[in-house]
Amino acid sequence: MPGDKSTYLLWDSVSLLDTPGLPRGSPEITERLVFPLEWFPLNKPSVGDYFHMAYNIITPFLLLKLIERSPRTLPRSMIYISIITFIMGASIHLVGDSVNHRLLFSGYQHHLSVRENPIIKNLKPETLIDSFELLYYYDEYLGHSMWYIPFFLILFMYFSGCFTPIKAESSMPGVALLLVMPSGLYYWYLVTEGQIFILFTFTFFAMLALVLHQKRKHLFLDSNGLFLFCSFALTLLLVALWVGWLWDDAVLRKKYPGVIYVPEPWAFYTLHVSGRR
């Protein structure tokens with residue numbers, strides 16, 4: 001329903017569940033500031049891990065509730081497949097991420113590659129290094145792909161139904177404007193830490209193309225569509241500022257070679273913040 005305050009709160013609930021320190025794949029903030037990892041046995045799940053488990057249950061439920069509010073009927077089979085893949089990807093990431101965070105206590109450094117880490121490169125036999133690289137692959141590549149591709153697909157399918165022929169409905173109420181900034185910050189973290197800049201950019205420009213196409217039919221974004229579109233536009237700006245700020249960082253440049261250079265916040269943290277303590 002256009003302008004429905006509960007829809008904005010539902011959007012913000014999905015974002016909140018996926019922010020650092022809650023169920024998202026980086027529970028370091030919760031563990032460092034509220035429930036430090038050293039308070040718990042390293043061979044048992046931490047508070048951040050339990051948050052992540054809750055996320056794997058609650059967020060798919062919220063996404064389904066969000067889809068129910070879509071003004072148009074969306075392909076049910078596609079939604080189910082996306083949700084199942086999303087849960088599987090987030091679960092793969094949970095396991096890999098949990099192990100990787102415990103490696104920090106042994107001197108693992110996020111701003112270095114697996115083979116360049118001091119605690120990894122001298123392992124014997126050397127086949128153990130391949131096992132850690134496999135773990136990293138499951139965590140950062142396979143898990144993220146199975147997690148984020150269906151997530152953004154669901155968002156785009158929902159967005160495709162957020163159009164109205166009444167131009168007066170193409171505006172956001174005050175509560176939505178207040179939530180754009182935290183929503184944009186959330187997606188900034190998702191794009192940078194999740195290393196999904198290409199996926200995010202593709203989704204954003206697909207949304208832009210859809211807006212221009214629908215405008216020819218005299219259809220306009222409703223308040224929910226405007227909220228998501230403005231959040232994505234703000235995210236793109238924040239990512240550009242983040243990359244520009246760290247453009248000349250030689251160490252991060254080495255870890256993120258190639259044309260697309262988007263450093264992870266936790267790589268920046270382990271390189272420039274935790275190293276000074």
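# A guided tour of the predicted model

Read along the sequence, the protein follows the pattern α-α-α-α-α-α-β-α-α-β-α-α-α, which amounts to 11 helices and two strands, where helices (H or I, at least four residues) and strands (E, at least two) are DSSP runs numbered from the N terminus. This is a predicted model, in which local features need pLDDT of at least 70 and side-chain atom pairs count only at pLDDT 80 or more, while totals for chains, interfaces and linings use all residues. Residues are numbered from 1 along each chain as its sequence is written, and side-chain values use heavy atoms, with hydrogens and water left out.

**Colour by confidence.** Start with pLDDT, the predictor's confidence in each residue, from 0 to 100; the protein averages 82, and 84% of the residues score at least 70.

**Select the largest nonpolar core.** Of the 277 residues of the protein, 50% count as buried, that is, under 20% relative accessible area, with exposed meaning over 50% and partly exposed in between (1.4 Å probe, protein chains only). A nonpolar core is a set of buried Ala, Val, Leu, Ile, Met, Phe, Trp, Tyr and Cys residues joined through side-chain atoms within 4.5 Å. The largest has 56 residues, of which Phe151, Phe152, Leu155, Phe159, Tyr187, Leu190 and Phe232 touch the most other members. The elements that give two or more residues to this core are α3 (47-68), α4 (76-102), α6, α7 (174-194), α8, α9 (223-245) and α11 (265-273), and α9 gives the most, with 10 residues. Centre the view on Phe159, which, leaving aside neighbours within four places in sequence, is in contact with Met207, Leu210, Val211, Leu221, Gly225, Leu228 and Phe229.

**Move to Tyr108.** A second, separate core of six residues includes Tyr108, Ile120, Ile129 and Tyr136. Tyr108 is found in the loop between α4 and α5 (118-121) and is buried, with a relative accessible area of 8%. Beyond four places in sequence, Tyr108 is in contact with Leu103, Val114, Asn117, Ile119, Ile120 and Tyr136; the C-alpha atoms of Tyr108 and Ile119, 11 residues apart along the chain, are separated by 6.4 Å.

**Then select Gly143.** Gly143 is found in helix α6 and counts as buried at 0% relative accessibility. Not counting residues up to four places away in sequence, Gly143 touches Gly89, Ile92, His93, Tyr137 and Tyr138, and the C-alpha atoms of Gly143 and Ser91, 52 residues apart along the chain, are separated by 7.6 Å.

**Finish at the largest pocket.** On a 1 Å grid over the protein atoms alone, a pocket is an open set of points where a 1.4 Å probe fits, with protein on both sides within 12 Å along at least five of seven lines, and lining residues have an atom within 4 Å of a point. Of the 23 residues that line the largest pocket, select those closest to its centre: Tyr136, Glu140, Tyr141, Gln195 and Tyr256. The elements giving two or more residues to this lining are α6 (127-159) and α8, with the largest share, eight residues, coming from α6.

Methods. Contact means heavy atoms within 4.5 Å.
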